[in-house]
Amino acid sequence: MEGFVCICSSDSSKYQPNYDTRNSIDTRTSLDNSKQKISGLDGENSGRNLKKNKDLCWGRYIYIHDLPKKFNEDVLKDCQLFTRPTDKSSMCKIIENSGLGPRIENSDASGLWKKSWFSTNQFMLEVIFHDRMKKYKCLTNDSTLASAVFVPYYAGWDLYRYLWGFNTSIRDSSGLDLVKWLAAKPEWKRMWGKDHFLVSGRIARDFRRQSNRKSDWGSNFRFLPESENMSMLTIESGSWKNDIAVPYPTYFHPSTDNEVFQWQEQMRRQNRPFLFSFAGAPRSREKGIIRNEIISQCQGSKNLCKLLDCVSVGHKCDDPINLMRLFQSSVFCLQPPGDSLTRRSTFDSILAGCIPVFFHPGSAYSQYVWHLPKNHTKYSVFISPKDLRLGKVSINQTLLQISKDEELAMREEVIRLIPRIIYADPRSRLETVEDAFDLAINGILKRIQTLKET
């Protein structure tokens, strides 16, 4: 589309595996009959090589386990159990539109807002990823061809039903049933589960309860021996090597490449009157000191900072349009840890073309290694929490010292990252753009191949 900038190669071959196209069969007729004789094994290998060369899915095939519905679909049927007294509406609405949630309807919104924007719950990745997997180009019903095996277990939502008021045996029961089911399958015995992967819409720590005290949080699912063999894609990993962090879902789920390019171009032209902004609530616990200092500095920065206080009466922190407009109007967006090290807000701010400011390396740098640049100075700012607490630095000073050229370069890098941190609508397919799902699949296939070779 004229007037919009495509940052992704239009060469679709870039997004396909590279294969050797050499001929694997010598057709010369001048060879002696003895040289033309091929053993049965050599013939089998030649045929296999020829198949590899012609099959663009070779090395990318994924087999999906057909799990009993109690591990996924039936979990969502109990959606009323997800609804808590503090929720503003029934949680059953969040499973609409393949897990994207209700479509955003706003008469005041621009045209781009009316196409592919949804009130997506931050914990819905299991459902969104599963629906994307159903349309993955290289699915196979023959598990012997598969380079990886996907386990569509809704671990997070299954656990969510029993997080409050239930004993540990109830919280753990479904995970125990799952690994028992998997271990009985022939696919398991090939690598004892090391070629299996699953997705969690909750943080990894929720599945690593270390005792059986009822008061302790979460389940013990990831401490089960069989589970430890599998890789888990999760919105926040920890220190465990078999958990890999992938982006939280945002509100934007495009159906076409052009929707992505149009949004990127709009973010390049966006007017940003505020130097920085913060959307969040203070914390009363010890780890909330940084948040409270951030809120204090924002409030004391007059017109430089815009604060969206998420505890004030009538706040609009749950309104996607209100939240995105805040980030779109800001040059920098502050992203301190919340209930855990990471925040969905990080990806909302990147989507808005707002440069994230971190106060802990575990909020992004050590997490999303398949999706964000290794050189974090290209797209973000880091402020030492210790120096901030001691008054050695201020947010104003730090951000005002960044030159205009540096700011522009960082914002362009942030905007370039947008395709990498969004999940396209599972009911459609992007043509040339690789989104967060595509990068996660690339990453898991490489990871499993490495495990096979070690």
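1. Arg209 and Asp172 are both buried (buried is under 20% relative accessible area, exposed over 50%, partly exposed in between, with a 1.4 Å probe and protein chains only). The two form a salt bridge, with their closest N and O atoms 2.7 Å apart (a salt bridge puts a side-chain nitrogen of Lys or Arg within 4 Å of a carboxyl oxygen of Asp or Glu). This pair links distant parts of the chain, 37 residues apart. Arg209 sits in the loop between β3 and α8 (225–229), and Asp172 in helix α6 (residues 168–183).

2. A word on the basis. The model is predicted, so to speak of a local feature takes pLDDT of at least 70 and side-chain atom pairs need pLDDT 80 or more, while totals for chains, interfaces and linings use all residues. Numbering starts from 1 along each chain as its sequence is written, and side-chain values rest on heavy atoms, without hydrogens and water.

3. Now the overall picture. The protein has 16 helices and 10 strands (DSSP runs, numbered from the N terminus: helices are H or I with at least four residues, strands E with at least two). Of its 454 residues, 51% are buried. Among contacts with a separation of 6 or more, 73% come from residues 24 or more positions apart (a contact is heavy atoms within 4.5 Å).

4. Phe197 stands opposite Ser231 in β4.

5. Look closely at Ser200. It lies in strand β3 (residues 196–200). Ser200 counts as buried because its relative accessibility is 0%. Its side chain reaches the backbone oxygen of Arg202 at 2.9 Å. Beyond its neighbours within four places in sequence, Ser200 has several contacts, including Leu125, Glu126 and Phe207. Met232, Leu233, Thr234 and Ile235 are also among them.

6. A second open sheet of five strands has the order β7-β6-β8-β9-β10, again with parallel pairing. Strands β7 (305–309) and β10 (381–382) stand at its edges with a single partner strand each, so one side of each has no neighbour in the sheet. Strand β9 (residues 355–358) pairs with β10 in the parallel sense over two bridges. Phe358 stands opposite Phe382 in β10. Helix α12 (residues 344–351) packs on this sheet and touches β8 (330–335) and β9. The directions of α12 and β8 make about 170°.

7. Which residues touch the most other members of the largest nonpolar core? They are Phe129, Phe197 and Phe332, in a core of 117 residues (a nonpolar core is a set of buried Ala, Val, Leu, Ile, Met, Phe, Trp, Tyr and Cys residues joined through side-chain atoms within 4.5 Å). Helix α16 (residues 436–453) gives the most to this core, with seven residues. Setting aside neighbours within four places in sequence, Phe332 is in contact with residues including Leu275, Phe276, Cys354, Ile355 and Val357. Val381, Leu399, Ile402 and Met410 are also among its contacts.

8. Back to charged pairs. Side chains of opposite charge can pair when their charged atoms come close. A search of the whole structure finds 21 salt bridges. In one of them, Arg161 and Asp158 have their closest N and O atoms 2.3 Å apart. Arg161 is buried at 12% relative accessibility, and Asp158 is buried at 3%. Lys134 and Asp131 form a salt bridge too, with 3.4 Å between the closest N and O atoms. Lys134 counts as partly exposed at 46%, whereas Asp131 counts as buried at 16%. Finally, Glu265, Arg268, Glu412 and Arg416 are linked in a network of salt bridges.

How values were computed:
Polar contact = N/O pair within 3.5 Å; in protein donor to acceptor, adjacent residues only side chain to side chain. Pairing = 2+ DSSP bridges. Axes fitted to C-alpha atoms, helices over the stretch in contact; angles between N-to-C directions.
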